[in-house]
Amino acid sequence: MSPISILRRHRVAALLGAALIISPVVVSFAQNSGTAGLSNVVATTQTPVAGITAPNGSFAPVVATAKPAVVTVTTVMKAQPGPTGDGSPFDDNSPFDQYFQQFFGDQGMPVPKTPPQQSPQRQEALGSGFIVGSDGTIVTNNHVVDGATSIKVTLDDGTELPAKLVGHDAKNDLAVLKIKASKPLPTVKWGDSDRLMTGDQVLAIGNPFGIGTTVTAGIVSARGRDLHSGPFDDFIQIDAPINHGNSGGPLVDVAGNVVGIDTAIYSPNGGSVGVGFAIPSNQAEKVVAKLMKGGNIEYGYLGVQIQPVTQDVASAIGLDHPGGALVAAVTDGSPAAKAGIETGDVITGFGGQEIKDPKDLSRAVADVSPGAKETLDVWRNGKVMQIAADVGRNADDATMAANSEGGKPSAEQGLRVPSLGLGLTDLTPDIREQLNLADNQRGAVVERVNPDKAASAAGLEPGDVIVAVDRTPVKSARQANQAIAEAGKSGKKSVLLLVDRGDAQIFVAVPFVAG
């Protein structure tokens, strides 16, 4: 099982009336959970940190404020038999496993299997949620209700009510439910997650393993964690113990306001080890507001492949400091292409918002409604320019622009760039076939990389095709060699190489090193 795990819904089934069937995977959770983060529970008066501490030495007033609005979300799904034939959520082809791999990536460890169930046609699972509207509006994780044929909500007082899915968003892993109650329901308020600082105290409330509503305490361990789950990663890391079943439950501050939504844990053994992750409330609140209007969310789309601007990249292009999003490729026919965005541009601003890194740009573009016109601040050829672009509708299946350079390959072979530690060669018919390259692909092929030189440290690999040096296209090994040499003679600290690698195109900045 991967060390990083979504707080999967805890599956339950009827046995002797109301007993809980716990799979071997969950047994390992239970055996190793419940200890991480206990040292952070405040039992006595503490020195306040930024004005935040347990009121009167106890969290009881916070719990009394927030807990009545926390609910258990029970879902029923039709089992989809996988390779094991048991319809387990951990089957290789199940929606759970596909989501697991998509959200966190393959960590190189097998996903454990659960034993066959008595009724593979019906599965029941548990998660958590919280009420944000007295009319019965509830927030939870998308993965808690994904694929459910029916949804039931259990209130803090034990009342069970059927729930309707109002809207969901897989990219942010958020969903909104609606229940009908005979009276106004208790609610919790959104807090300001931007004000959270490392060391602030927080509480996690949810229903781990289906044992009942549980409160755990801890601190904010870190901000801005990127789990490589998508363009919106900005997780709050906490050490308050959370486990399977906590998914969708609120993370609250000492005022009882929701500052996050518990979503995932890092666990080498399956249980809580004090490394949990929550979606920030300021991110979630915006998405939830859109979902409350019903349906899915349409994201803005620009059509660029981007990467960070490192210090070496900044030196190569003349920026005085790293920052912005470097455009490695522009999708043909995309809004970016139509606006005139070029490969090698550095986007430093979007719609009046400063862009410090690629994540900033991804989030800023996604938040814009398709069809809106926005202005981009772009660094190109040593100066800043502004470009207006019509934001399009998200296109996950867009293909990257193809290289259409003409001409014949040079006969020059095996040219070396000693200062970088590269051995370059031309594209021959045999190499094209080996690398599965198009006939019109041009550039210099990396034949060898000295492991002790700068090119290796920068990440260049044999089989990479250098298509441009400092944004100037090259068609052969000789042209690439000459362009790199000229960059070195100009006094630059590094050279910027545009590299085709498989289906991707990336910039690699390689510093010049003597010798």
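This is a predicted model: local features need pLDDT of at least 70, side-chain atom pairs count only at pLDDT 80 or more; totals for chains, interfaces and linings use all residues.
A polar contact is a pair of N or O atoms within 3.5 Å; within protein, one must be able to donate a hydrogen and the other to accept it, and residues adjacent in sequence count only if both atoms are side-chain atoms. Numbering runs from 1 along each chain as its sequence is written, and side-chain values use heavy atoms, with hydrogens and water left out.

**Around H143**
- H143 sits in helix α4 (residues 142-145); helices (H or I, at least four residues) and strands (E, at least two) are DSSP runs, numbered from the N terminus.
- H143 is buried, with a relative accessible area of 6%; buried means under 20% relative accessible area, exposed over 50%, partly exposed in between (1.4 Å probe, protein chains only).
- The H143 side chain also has a polar contact of 2.8 Å with the side chain of D173.

**Helix α8**
- Among the buried residues of α8 (residues 358-366) are P358, L361 and V365.
- The buried residues of α8 pack against β15 (300-301), β16 (304-308), β17 (325-330), β18 (346-350) and β19 (353-354), where contact means heavy atoms within 4.5 Å.
- Where α8 starts, a side-chain oxygen of D357 comes to within 3.1 Å of the backbone nitrogen of K359.
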